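I opened this model to look up how its parts meet. My notes follow in the order I took them.

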Protein chains: 2
Amino acid sequence: MTVNIDNANAVAVERMIEARPVLTGLGKALDTVPDMHQDLLLHAGPPIAWEDASGPLRGALIGALIFEGRAEEEKDAAQLIASGEVRLSPCHHHNAVGPMAGVISPSMAVYEVENETHGNRAYSNLNEGYGKVLRYGAYSEEVQERLRWMHDVMAPVLGAAIEACSGLDIRALLAEALHMGDEGHNRNKAGSVLFTKLLAPHIAMAAPDPATAAAVIDALGENALSVLNPVMAACKAMADAGHGVEGSTIVSTMARNGTEFGIRVSGMGERWFTSPCPQPVGLYFPGFSAEDGNPDIGDSTITETAGLGAFAMAAAPAIVTFVSGTPQDALNATLEMYEITAAEHTAFTIPQLDFRGTPVGIDLRAVVETGITPRVNTGIAHKEAGVGQIGAGLVRPPTELFTEALIAFAEQYGFQE
Amino acid sequence: MTVNIDNANAVAVERMIEARPVLTGLGKALDTVPDMHQDLLLHAGPPIAWEDASGPLRGALIGALIFEGRAEEEKDAAQLIASGEVRLSPCHHHNAVGPMAGVISPSMAVYEVENETHGNRAYSNLNEGYGKVLRYGAYSEEVQERLRWMHDVMAPVLGAAIEACSGLDIRALLAEALHMGDEGHNRNKAGSVLFTKLLAPHIAMAAPDPATAAAVIDALGENALSVLNPVMAACKAMADAGHGVEGSTIVSTMARNGTEFGIRVSGMGERWFTSPCPQPVGLYFPGFSAEDGNPDIGDSTITETAGLGAFAMAAAPAIVTFVSGTPQDALNATLEMYEITAAEHTAFTIPQLDFRGTPVGIDLRAVVETGITPRVNTGIAHKEAGVGQIGAGLVRPPTELFTEALIAFAEQYGFQE
């Protein structure tokens, strides 16, 4: 059998573009996420063992076990995982994604997104906001208290509000946000206020009392990343729609666990290609510098995989105050990504480029041929467990990842050089 | 006495830039707006008599008298004004501004904005949203019902929510909105959701019941112009701060009543210079064309006067889908306005132009010297009373207005050509 890669890629990318991810509800991970169980913790990136986990991932895993009531302190938590009593699995193996450490534990609330075009689903956890947060590896009592409030108070109200919306179209929200200076990854300022605006009337109705309504609206509205997690789930639903197309060299997953950067390819099933994570380059908060930074971490590269984030950066010139660079760099980032993508998005357009669609569908072949690797916008975590975010910046996965994947693709499909 | 115009202009513009307009509350026009009285209706633009009023202004005046319970139908209302029992006065003569017809009647709620730097205040009415609305000259029962709901149900809750904010900084909100694709005049999409986000928690607390909270939040959040009126009041407060500087040729008012376009100049007191209103050029809603359009109308040119609107259009490339043109035209609009302005704003910056400040402070001399008139983004009203908005587009005031004002300036200050 001969495979026409161009045709296969066209199918994969068309499926990504035609996917319409809609937020349908908020569930408990244990009851909602496929193959979730009581003794499982999900994490960002490709598979990893406790021994190989970096500081922020360890911190988040410890914090999740404390949140679950399974451990009281660091060493108990470490022991539970090291002993194999609690197991680890990538979010991506469960139709899920999580920013930074991306840890999802059984009791956590997860956004449920359905791709109404193709029927597949995807999940992500709640966004905690800024400062000392689990996803950056902090797990102190302050972090726990916030998580408890989010789950005991906010989640029931938020879930009811989402259900009252009867389907919140995240693709439409993203399309609008791109016209309002977002790129959908590190800048979700417009998306988060649009999200808050859509939900606030329903929150007012669903809350047990006005003070709770006010607190929940405030928590969403004052967190400029509140929509990031449903956006990531939406991107996962779109990327998954393009996965599994026989003969396609389109990259359908990019994810980092803080130790390794991993990619998966549409035509190559569940196989991961991994390589050590690079260090992001960017701006650090006062008191921190590059040497405090952890290697790149998080599933949020699902946004770039779906044609957003750094790929849509031309739409978000103001982001450079956060990730470094100039507005011209932001424009150039998008222009460069057209070199390695198979299509231009029809739903996501960039006013600054005369409403041209964002570059979407990273073609393994184009990356290897041009030597241009995907650009990624990212947050930077402290390398030690328990600290948190120390900056934001830009990163690119290593070239060898794509070379290795392309060679494996050629072997799998019996191509000769 | 010799006057140094450059120095005077520097003072006027610096005052405009340093003004910090803060929304402090919502009052009843009769109790709040200076020199408002029971038999007075305020309107947009320079002074005008009933006989000279265009369709949409007449429609709005009629609608306001019906809203006030002073008239039941068109002819009663017309009679009240024609007889002199009810008088007309420009909003601008009462520290107020109103979009389109800009009619403010005694019972109407008005936003109260205080310039915390210089202490002056400004006012504007509530925004009704889209479709059949008073400000575009519609006055049917549907319009009345909406106005009654806004005043009986929304205003008390909104007023309490604003007070609970203890000062909502409109300049900061605008600065943020410009980084989110707004220009602050025809595109206030980001500003309106930011406004909603800030108020929603307080609305949840202030509303008599959850359904009212939801309805008020929804009315603000789903109206992409909900913040336009407080923004206009803020611009009025800023422009007024720069008015009255001896020897200054800075334009401190631009306003249209649907028949005449009027300007006032910082160093020339309360004197208006007027000229027939031009017709906007733009995009019409389906079923309408240029021949249905009224000449330009509204006080919303206060945004351009304060360095926003078309002057900040480079920040809002997506606006071209609404007012016509290309994103490059939007960029060019701002670049052109630097030619006729005295300064660059320090609070309002444009990411697309490497965070350059918006052009602010129209210098009469520069307009006359270059022949470049100020650009204005605007809505287009149907020329007949009772219809409403039929499009949006671009307009420029006539050159002779500026020539006439400059000649008068030279006469007033004893300059010789």
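This is a predicted model: local features need pLDDT of at least 70, side-chain atom pairs count only at pLDDT 80 or more; totals for chains, interfaces and linings use all residues.

**Entry 1: domains of chain A**

I looked up the division of chain A. Domain 1 covers 19–232 and domain 2 covers 241–413. Their centres, taken over C-alpha atoms, are 21 Å apart. I then checked the contact between them. Domain 1 of chain A puts in 48 residues, and domain 2 of chain A puts in 49.

Which elements give two or more residues to the domain 1 side? I found helix H3 (55–67), helix H6 (170–178) and helix H9 (228–241) of chain A. H3(A) has the largest share of that side, with six residues. I sorted the residues on the domain 1 side by type. They come to 22 nonpolar, 19 polar and seven charged.

**Entry 2: chain A against chain B**

I turned to the two chains. How many residues of chain A are in contact with chain B? I read 27 residues of chain A, against 27 residues of chain B. On the chain A side, H7 and helix H8 (210–221) are the elements that give two or more residues. H7(A) gives the most, with 10 residues. By type, the chain A side divides into 17 nonpolar, six polar and four charged residues.

I picked H7 (residues 189–206) of chain A and H8 (residues 210–221) of chain B. They pack at an angle of about 170 degrees, and their axes are 7 Å apart. Angles over 145 degrees count as roughly antiparallel, so H7(A) and H8(B) are roughly antiparallel to each other.

I listed the residues that make this contact. H7(A) supplies Lys197(A), Ala200(A), Pro201(A), Ala204(A) and Met205(A). H8(B) supplies Pro210(B), Ala211(B), Ala213(B), Ala214(B), Ile217(B), Asp218(B) and Gly221(B). I sorted these as well: nine are nonpolar, one is polar and two are charged.

**Entry 3: how the copies are related**

I asked what rotation superposes chain A on chain B. The rotation is 180 degrees, with 0.0 Å of shift along its axis and an RMSD of 0.0 Å. That is the relation of a two-fold axis. I then looked for the chain A residue whose C-alpha is nearest the axis. That residue is Met180(A), with its C-alpha 2.2 Å from the axis.

Last, I compared the contact residues of the two copies.

Conventions: Residues are numbered from 1 along each chain as its sequence is written. Chains are lettered from A and ligands numbered from 1 in the order in which they are written. Copies are superposed by least squares on the C-alpha atoms of residues with pLDDT of at least 70 in both. Axes are lines fitted to C-alpha atoms, for helices over the stretch in contact, and angles run from 0 to 180 degrees between N-to-C directions. Helices (H or I, at least four residues) and strands (E, at least two) are DSSP runs, numbered from the N terminus. Angles under 35 degrees count as roughly parallel, over 145 as roughly antiparallel, 65 to 115 as roughly perpendicular and the rest as oblique. Two residues are in contact if their C-beta atoms, placed from the backbone, lie within 7 Å. Ala, Val, Leu, Ile, Met, Phe, Trp, Tyr, Cys and Pro count as nonpolar, Asp, Glu, Lys and Arg as charged, and the others, Gly among them, as polar. Domain bounds come from an automatic or database domain assignment.
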